[in-house]
Amino acid sequence: MNMDWGTVIGYWPFVLGLMATGVVSGIAAGLLGIGGGAVIVPALSNALLLMGYDAEIVQRVAVGTSLAIIIPTGIMSARAHHKRGALDMAVLKLWAPFIVVGTFVGGLMAGLFSGDVLRIVFAVMAFVIAANILFAFQTRLMGHLKGSSLTHRVSAFVVGYISSLMGIGGGSLTVPT
């Protein structure tokens with residue numbers, strides 16, 4: 001096999017950047033209860049753009065890659081929280097089918113949107129999530145509806161749908177909800 005060492009060496013900044021992104025997303029996941037997609041998607045998208053990939057596909061690749069990473073890590077995290085008694089099984093049973101359907105619908109619809117639209121969705125939702133952390137408006141909006149099964153189901157569907165468009169696990173949407 002003939003290796004072009006210039007090409008191999010040229011990938012090291014990309015590899016080191018991905019490693020640093022993994023560390024930062026892992027720390028964010030541990031501190032904030034998020035899956036890391038909020039860090040992975042923009043970092044990977046920008047890295048792919050810098051490497052010269054088509055701007056129309058990089059957001060899709062970043063979202064898909066992020067989701068592929070988050071699925072197994074999310075399962076492991078949920079198992080660890082369950083072992084510690086920190087998983088509300090009643091809420092999980094209520095939410096799971098609707099998150100799955102929302103994610104499926106969002107995944108199918110993502111193909112209808114351009115990379116620019118997906119970037120806008122990510123940016124707007126990141127802003128909304130940050131504003132909610134600062135002002136807790138979601139708690140005030142939904143606090144009185146916490147006992148409503150319909151509210152839970154609609155919220156789960158919306159979380160799944162938006163998360164699949166953003167390439168995040170949904171913790172930043174689910175935790176405040």
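**Reading helices, pairs and a core**

Tutor: D116 has a relative accessibility of 45% and so counts as partly exposed; that class lies between buried, under 20% relative accessible area, and exposed, over 50%, with a 1.4 Å probe and protein chains only. This is a predicted model, in which local features need pLDDT of at least 70 and side-chain atom pairs count only at pLDDT 80 or more, while totals for chains, interfaces and linings use all residues. Residues are numbered from 1 along each chain as its sequence is written, and side-chain values use heavy atoms, leaving out hydrogens and water.

Student: With which residue does R119 form a salt bridge?

Tutor: A salt bridge requires a side-chain nitrogen of Lys or Arg within 4 Å of a carboxyl oxygen of Asp or Glu. R119 is paired with D116, and their closest N and O atoms are 2.7 Å apart. R119 is partly exposed, with a relative accessible area of 24%.

Student: Why are R119 and D116 separated by about one helical turn?

Tutor: An α-helix has 3.6 residues a turn, so residues three or four places apart point the same way. Here R119 and D116 are about one turn apart because they are three residues apart in helix α6 (residues 115-135). Helices are DSSP runs of H or I with at least four residues, and strands are runs of E with at least two, numbered from the N terminus.

Student: How many salt bridges does the structure hold?

Tutor: There are two. E56 also forms a salt bridge, with R60, and the closest N and O atoms there are 3.4 Å apart. E56 and R60 both belong to helix α4, four residues apart, or about one turn. E56 is partly exposed at 31% relative accessibility, and R60 is partly exposed at 30%.

Student: What distance separates the end C-alpha atoms of α4?

Tutor: The expected span of a helix is 1.5 Å times one less than its number of residues. The 29 residues of α4 should therefore span 42 Å, and the end C-alpha atoms are 43 Å apart, which agrees. A bend is the angle between axes fitted to the seven residues ending at a residue and the seven starting there. α4 bends by about 25° at I70, with a proline, P72, following within four residues. After α4 comes G85, with a positive phi near 75°.

Student: Is S66 buried or exposed?

Tutor: S66 lies in helix α4 (residues 55-83) and counts as buried, because its relative accessibility is 0%. Contact means heavy atoms within 4.5 Å. Setting aside residues up to four places away in sequence, S66 touches G37, I40, V41 and G167. The buried residues of α4, among them V58, A62 and S66, pack against α3 (37-50), α6 and α8.

Student: Which residues have the most contacts inside the largest nonpolar core?

Tutor: A nonpolar core is a set of buried Ala, Val, Leu, Ile, Met, Phe, Trp, Tyr and Cys residues joined through side-chain atoms within 4.5 Å. The largest has 21 residues, and I162, M166 and L173 have the most contacts inside it. At least two of its residues come from each of α3, α4, α5 (89-110), α6 and α8; α8 gives the largest share, six residues. Leaving aside neighbours within four places in sequence, I162 contacts M125 and L173.
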